[in-house]
Structures are given as structure tokens and as C-alpha cells.
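This report sets out side-chain contacts and chain symmetry. The sequence and the structure are shown first.

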There are 2 protein chains.
Amino acid sequence: MPHEAHRITLARRPKGEPTPDDFGRETVDLPEPSEGEVLVRTIWLSLDPYMRGRMDDAKSYADPVPLGGVMEGEGVAEVIESRHEGFAKGDIVAARTGWASAAVVKGEGLRKVDPSIAPIQTALGVLGMPGLTAFVGVDTVGKAQKGETIVVSAATGAVGTVAGQLAKARGLRAVGVAGGAEKCAYAVDELGYDACIDHHAEDFAEQLAAAVPDGIDVYIEHVGGKTLSAVIPLMNQNGRIPVIGMIAWYNGQNLDQALPLPKVWRTVLTKRLTIQGMLVFDHADRRPDFEKEVGALIRDGRLTYRETVADGLDNAPEAFIEMLKGGNFGKQLVRVGPDP
Amino acid sequence: MPHEAHRITLARRPKGEPTPDDFGRETVDLPEPSEGEVLVRTIWLSLDPYMRGRMDDAKSYADPVPLGGVMEGEGVAEVIESRHEGFAKGDIVAARTGWASAAVVKGEGLRKVDPSIAPIQTALGVLGMPGLTAFVGVDTVGKAQKGETIVVSAATGAVGTVAGQLAKARGLRAVGVAGGAEKCAYAVDELGYDACIDHHAEDFAEQLAAAVPDGIDVYIEHVGGKTLSAVIPLMNQNGRIPVIGMIAWYNGQNLDQALPLPKVWRTVLTKRLTIQGMLVFDHADRRPDFEKEVGALIRDGRLTYRETVADGLDNAPEAFIEMLKGGNFGKQLVRVGPDP
């Protein structure tokens, strides 16, 4: 019996901000899974800023999505049919389903999700790639130490949420940067940041400086733009900047909001900064330590998180476009199918 | 009996390139050394690009030289009178004498020089701070591995000379960048670089690209400017850039020869580059390993070096100005006094 999949494709490459017309829709019959493959139906789809990069025809750490191809992404899904010995019908898994209601995927790429630990969609958020990204940024690349000051851009986003709370649990001063009073209030009141600065404020740079009286030791970089410009002069000697994203610049906008390279270089030199681009897939070996430390925080109720949910796969493009403008609050998800 | 010292001072802060009028001269009677101090007479003075930074009134890793103060610097000197138990009259030491014919210095800051190993001025070059800088850049920060490609800017300078030969001894492909055909010929013929590109060439970027068919894994950064612009697009995944200097930008010139920060940031992100500012004084713990590896190369005659010598302390300012323009060849020294 053939299995139908509804999918979102890349209809054309965006010029600047993506628009709804950049996406297409298709319904196809999936092939039967071959040996080692698994047929899954998607329950939750994760939307992440890195996907914007894949829409461009530019060399990156991964190939771009081809024109007409299915948009890439990770989902939480239920196994419908398995030809891999590690998985059985009814298992819940995290899988690279793409923006699709169902997919045939290789068994090796799957990660089992235990529904008894936490809601299954956390496998896409605090316990998934964004959570591991935050852990690697704070711990492995950022080398955050007790008593230091960390600044987290996109402080209430999926990564920032975990980065800030992890840093607080480790005894750092944590200052968030977010867009708008509501997000900043949430960052301080719910996530426990010591302070949060609204990057829309006219005196943003002054406010940030005032919030870091001892300078900045670690800056979790997601955004580029004027946040980066304000951060660089405040960095302490031997400061670390894990570069996870540059959302302000993905669409080719805000390019005027950039310090001149010689100024950045002078600070790198005199302060002996380390700036390190990072991709979570390079750090899979950190997952056990991540699950131990962040898992304990979740179990103890010490890790709060929030989700923005779009209902139905057809609404994924608009939710994605909105997310790139900062319209989401916490982890951006798409509800693709019902719970098992 | 008072001891006289002739000294070069900072008469005014340079605007852009330093000029002779930015320097002053004075002759003073030195005080007697106190307990723990040593009186030395300078034999050799080292001139180094970092000194340009100290002439500006800008926050850096060290305080600026105050107006009217003695220019800072390291020399090789003979002990005239010692009130430190570790040193005796007649010892040869490397000391922070400043640009001075004699100085009273603290005993703790001194390093004994053994004249039987190599000419004593090598304590300011291949066996001194520049040599250790090269070692830390290639080894500790650059993490250079056999089979990788390293590009060394200022390839025939005091640091580059050691960096290139150390990299070759470790089995890397080493490509130098230097100013002019003479330096490039020396880099290849004498220092053993696989290739050397003249940064004055119109098609410099194309020539550099052709010289690194497998891309660049480590870039030893001394210069900024157009060399950096040509290097960034050629960096390989997980590439490392130890930032030691930015000589093209020290004088506030060539600021137009800089990639836009968003372009650099995109490369940092997609290639997972590590850019790390470094200062040799932070890495004193690497000296034993440095002396072992580089000392062995010198003993075996496998490490070549060249010196440019200015005769007499009064000629130090002009030699320094010339060096910043690339007029030196190898290690720039000033002969301040006779050998013992």
C-alpha cells in the first residue's frame, strides 16, 4: 500500500527575506523502505534559522537545497514501518524528515525519543539540536567559568533559552539580548537572566555596557549586526566568541551594521580573543555530557522553555518567515500530525 | 660612581606613520641598583612591530609608553653590577632594557644567554621572543599537522622565518607572503618555503590561490590588509588563524583593504574557523618545548635566519620607521654597544 507524503519544496531562491512564493507544495507516493530504512510519519517539525542558509546557492557546511527539492529539517516522528533492526512500528524517533508529513529515512540517522522523560517535541528543542548547540557553545567552545560574565544573543530563542539557564546554573553572570520588552521580561523573570537588553532600544550599546560592569568573557553569537558591534568593545582579555549564527545578516540585510574589520582585528589582537565558528554536528561526542547536565536541570524543574507552534505543515513557510523576523517566542515548531 | 645612560624617548604620539620627530633623546645618570636589581649595558636592541602599538594612547595588552617616556623594548646586555643572587658581573642576559644604552632592571625579568650556543643576538630572534611567537603560532594556537597547508605572512620576518621552517620540518606545505621579489626568492631558496607570493603583485590573490591547491589550514597572521582578504576565502574547514599582528593597519592606513565583517563572519561560521589573538607573553610555559624543537633545528643547521642591523642607538628611530614599511630583511636589530 503506497504511503502518501505532503511536502514543502524550495520553489525559487529568495532574494533577501524569503516570501511565501519561494516555497512550493507537492504530494507524492513514497517508495517502500529498503533494507535498513524506516518509514515514518511526522508529528512535529522543527524550524531553525540555519535553514535560511540552505536556501541560497552558496557553499556552506552542507549542500544547498536544490531548486524543487524538499526543504530540509528535523522532525519528531512515529515509525510506521521498519526495515532496520533498531526500530519497530510505533517507536517515536527524531529524524531528518524534511518539511514533510512522512518520509523514508535511513535507520542510522535516527535517534529514539523516550516519551516518559519529557514531551516528545523537546527532542527538537531543549533536549535536541538547539540544546546541544547551547551546551557546546557554553561549555566546549565558550569554556564558561563560574564567576565570569556571558552575553547571550537571541536570549529567548531555542538555543539562548538553554545557554542562559545553563550559564546561570554554572554560576556565571548571564546577560541576554532580545527583541522587545516582552521577550526581555521573560528572559529575566522566567529564564533567570541577570539582565536582558532590548536591541531595539536607541541606547542599546550603552544599556549593554551598563549591564556588564566586569566586561564580557563569553559571547554566544547568533546575530551579527549591531549586537556584535556593541559586544566587541566590551570583551575581556582572553574572551571567547562561539559563532553559531548571524541571523541579522542571513538575508543580506543590515550589512551597514558592522564594525570595520580592522577594528575587530585590533580587539582580537590586544584582547587575545578567540572567535570560533561552530556547528553542532561536529560535536556529537558531547551528547552524553549534555544529556547528563541539561537532563538533570529539566528533571529538577530548573530549566524553563517556551514554544511557538504553527498548526499544520502548510503553515510552515509563513512561520519560518516570521521566525526570521524574530516573531517567534522560544522554540519554533510546526505541528504536522497528531500524537500517537 | 654614577652610570650614564643614553636613551630614546617618545616625544609625541605619531599620526599614522611615525616620523623621526616623534622620538626624543636624553642622557641621564642611572640610580644605583636596589636589592634584587641589576645594572646592565645594552649590546643589542630588538626592534619589533608591536612597538608601534605602544606609541598610541590606546588601551592594549600593555600600557602605552607615556609621553616623554623611554621607548620600550628588549635587548641583549652585559651585567655591570648585580644585586640579584641569580646574576653576576659579566653575565650576558636578555632584558627589557628599553631603547637605552644602559638600564637598571629587576633580576626576575632577566633570562641568561649562553654565548656558546649561538650568537648572543639570537636571544632576540630565532631563540627569543620572535622564535617563541612562531612556535606558539604554529604549534599551540595553529595546531599545525603534517600534510596540512600553512600560509605565513611576513614570511621572511623574524617570526615568519621560524614559522615557515618549523612548519616545513613538521611536514606541512608552507607558502609565504612577502613584499618583493628579493624576499620571495630568499623565502623559497634559503628558508625552504614551497612557494612565496609577492603581495605587491597585481594578481596577488590569484597567485596565492594557485599556490594552495588544497586550501589553507593555518594562516599565520601578521599583516591584515589585502593579504588577509585573499586568505579568508581560501581557508579550509576547521582552519585556524593565529593573529599575531596587523602591520598593514597599525598606522591607520589601508583601512579600505578589508573584507566586510559579514563576509568574514559567514566564512567563520560555515568553515568553522578559529581566529585567535595571541601574545607570546601568555605562553611562557611553551618555552621548554620551543627550545627543544627549534634549538635542535639550529644545532643541526636546519634553521636559517637573516638580520638587518642598524649601527648605534641614535639610528634606532629611522630603522624602526623603515622596518614598519617592510625595509628590513629578517630580524631587525640595533647594535648599541660592543661585544664583551
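The sections below cover the basis of the model, its symmetry, its cysteines, its aromatic rings and its charged pairs.

## Basis of the model

This is a predicted model, in which local features need pLDDT of at least 70 and side-chain atom pairs count only at pLDDT 80 or more, while totals for chains, interfaces and linings use all residues. Residues are numbered from 1 along each chain as its sequence is written, chains are lettered from A and ligands numbered from 1 in the order in which they are written, and side-chain values use heavy atoms, with hydrogens and water left out.

## Symmetry of the two copies

Chain A is superposed on chain B by a rotation of 179° with 0.0 Å of shift along its axis, at an RMSD of 0.1 Å. The superposition is by least squares on the C-alpha atoms of residues with pLDDT of at least 70 in both copies. The two copies are thus related as by a two-fold rotation axis. Both copies use the same surface, since 100% of the contact residues of chain A recur in chain B; contact means heavy atoms within 4.5 Å.

## Cysteines

A disulfide is taken as a pair of cysteine sulfur atoms within 2.5 Å, and over all chains the count is zero. Burial is expressed as relative accessible area, computed with a 1.4 Å probe on protein chains only: buried means under 20%, exposed over 50%, and partly exposed in between. On this scale A:Cys184 is buried at 10%, and B:Cys196 is buried as well, at 14%.

## Aromatic rings

Rings of Phe, Tyr and Trp (its six-membered ring) pair if their centres lie within 6.5 Å; planes under 30 degrees apart count as stacked, over 60 as edge-to-face and the rest as tilted. Over all chains there are ten aromatic pairs. One of them, between A:Phe23 and A:Trp99, is stacked, with 5.6 Å centre to centre and 10° between the planes. A:Phe23 belongs to strand β2 (residues 23–30) of chain A and A:Trp99 to the loop between β5 (92–95) and β6 (102–106), so the pair ties together parts that are 76 residues apart in sequence. Helices (H or I, at least four residues) and strands (E, at least two) are DSSP runs, numbered from the N terminus. A:Phe23 is buried at 6% relative accessible area, and A:Trp99 is buried at 0%.

In chain B, B:Trp99 and B:Phe320 form an edge-to-face pair, 5.5 Å centre to centre with 75° between the planes. This pair links distant parts of the chain, with B:Trp99 in the loop between β5 (92–95) and β6 (102–106) and B:Phe320 in helix α10 (residues 316–324), 221 residues apart. B:Trp99 is buried at 0%, as is B:Phe320 at 0%. In chain A, ring pairs link A:Phe23, A:Trp99 and A:Phe320 into a cluster.

## Charges over rings

A charge sits over a ring if NZ of Lys or CZ of Arg is within 6 Å of the ring centre and within 35 degrees of the ring normal. The charged end of A:Arg306 sits over the ring of A:Phe329, 3.9 Å from its centre. The charged end of A:Arg306 also sits over the ring of A:Tyr186, 4.9 Å from its centre.

## Salt bridges

Side chains of opposite charge can pair when their charged atoms come close. A salt bridge is a side-chain nitrogen of Lys or Arg within 4 Å of a carboxyl oxygen of Asp or Glu, and over all chains the count is 40. Among them, A:Asp314 pairs with A:Arg25, the closest N and O atoms being 2.9 Å apart. This bridge links distant parts of the chain: A:Asp314 is in the loop between β14 (307–311) and α10 (316–324), and A:Arg25 is in strand β2, 289 residues apart. A:Asp314 is partly exposed at 35%, and A:Arg25 is partly exposed at 45%.

A:Glu148 forms a salt bridge with A:Arg240, with the closest N and O atoms 2.7 Å apart. The partners are 92 residues apart, A:Glu148 in the loop between α2 (129–141) and β8 (149–152) and A:Arg240 in strand β12 (residues 235–243). A:Glu148 is buried at 15%, and A:Arg240 is buried at 12%. Salt bridges that share partners also join A:Asp139, A:Arg170, A:Arg286, A:Asp289 and A:Glu293 into one network.
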